[in-house]
Amino acid sequence: MEGRVFGLETPLMTALQHLLDIPDGEGGNAGGEKQGPTRAYVRDARAMAATPADVKELPGAYAFVVDMPGLGSGDIKVQVEDERVLVISGERRREEKEDAKYLRMERRMGKLMRKFVLPENADMEKISAVCRDGVLTVSVEKLPPPESKKPRTIQVQVA
């Protein structure tokens, strides 16, 4: 099963794919019995499934737009893993006030994360990120198309 649609990962399919790809023995069980995924792994899978993103292909770049409500630029990490995987992550923590008691808590807290496999024509050296009003935009420029090779003419000599 492939978690990609049009070369980009969808949150639901990615989370399901990650849950299915857990190697045996990762649960720390010495008896060899199958264990469920680790707590950190499930947290990351939920974060990826719950973080919506828009991906746009522009004439000269790819744009990844991710909602990161309540996070400042210091709370957001944009990384490239395994040469072609763009990872966008952050964590929103609950505001702790000693004299306040929550009557209702509806805003999402916790980890936000998305992973995207970048296409072959993405320029890995030209990636920029801007966060404005809780919306992160990561731009990845495209490499110029390869120049077509002109046919080489070989002169024929008469012998």
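**Figure 1. The whole protein chain, a predicted model.** Among contacts in the protein chain between residues at least 6 apart in sequence, 52% join residues at least 24 apart. Contact here means heavy atoms within 4.5 Å. The protein chain holds 2 helices and 9 strands. Both are DSSP runs, numbered from the N terminus: helices are H or I with at least four residues, strands are E with at least two. Along the sequence the pattern reads β-β-α-α-β-β-β-β-β-β-β. Of the 159 residues, 25% are buried. Buried means under 20% relative accessible area, exposed means over 50%, and partly exposed lies in between (1.4 Å probe, protein chains only). The accessible surface comes to about 12100 Å², and 50% of it belongs to carbon and sulfur atoms. Accessible areas come from the Shrake-Rupley method with a 1.4 Å probe; for residues, only the protein chains shown count as cover.

Residues are numbered from 1 along each chain as its sequence is written, and side-chain values use heavy atoms, with hydrogens and water left out. In this predicted model, local features need pLDDT of at least 70 and side-chain atom pairs count only at pLDDT 80 or more, while totals for chains, interfaces and linings use all residues.

**Figure 2. The open sheet β5-β6-β7.** This sheet has 3 strands with antiparallel pairing. β5 and β7 stand at the edges with a single partner strand each, so one side of each lacks a neighbour in the sheet. Neighbouring strands are turned by 15° against each other on average, direction ignored. The axes are lines fitted to C-alpha atoms, for helices over the stretch in contact, and angles run from 0 to 180 degrees between N-to-C directions. Two strands pair if DSSP finds at least two bridges between them. β5 and β6 pair over 6 bridges; in β6, V78 has I88 as its bridge partner. β6 and β7 pair over 8 bridges; in β7, the partner of G90 is L112. Since 7 of the 8 residues of β7 are buried, this strand is largely enclosed by the rest of the structure.

**Figure 3. Salt bridge between K142 and E57.** A salt bridge is a side-chain nitrogen of Lys or Arg within 4 Å of a carboxyl oxygen of Asp or Glu. By this rule the count is 2. In this one, the closest N and O atoms are 2.7 Å apart. K142 lies in β9 (residues 135-142) and E57 in β3 (residues 53-57), so the pair ties together parts 85 residues apart in sequence. K142 is buried at 18% relative accessibility. E57 is exposed at 55%.

**Figure 4. Salt bridge between E81 and K115.** Here the closest N and O atoms are 4.0 Å apart. E81 sits in β5 (residues 76-81) and K115 in β7 (residues 110-117), so this pair ties together parts 34 residues apart in sequence. E81 is partly exposed, at 30% relative accessible area. K115 is partly exposed as well, at 22%.

**Figure 5. The largest nonpolar core.** A nonpolar core is a set of buried Ala, Val, Leu, Ile, Met, Phe, Trp, Tyr and Cys residues joined through side-chain atoms within 4.5 Å. This core has 15 residues. F64, M68, L86, I88 and V138 touch the most other members. β4 (61-67), β6 (85-92), β7 and β9 each supply at least two of its residues.

**Figure 6. R107 in its loop.** R107 is found between β6 and β7. Neighbours within four places in sequence aside, R107 is in contact with R92 and E95. P69 is 38 residues from R107 in sequence, and their C-alpha atoms are 9.5 Å apart.
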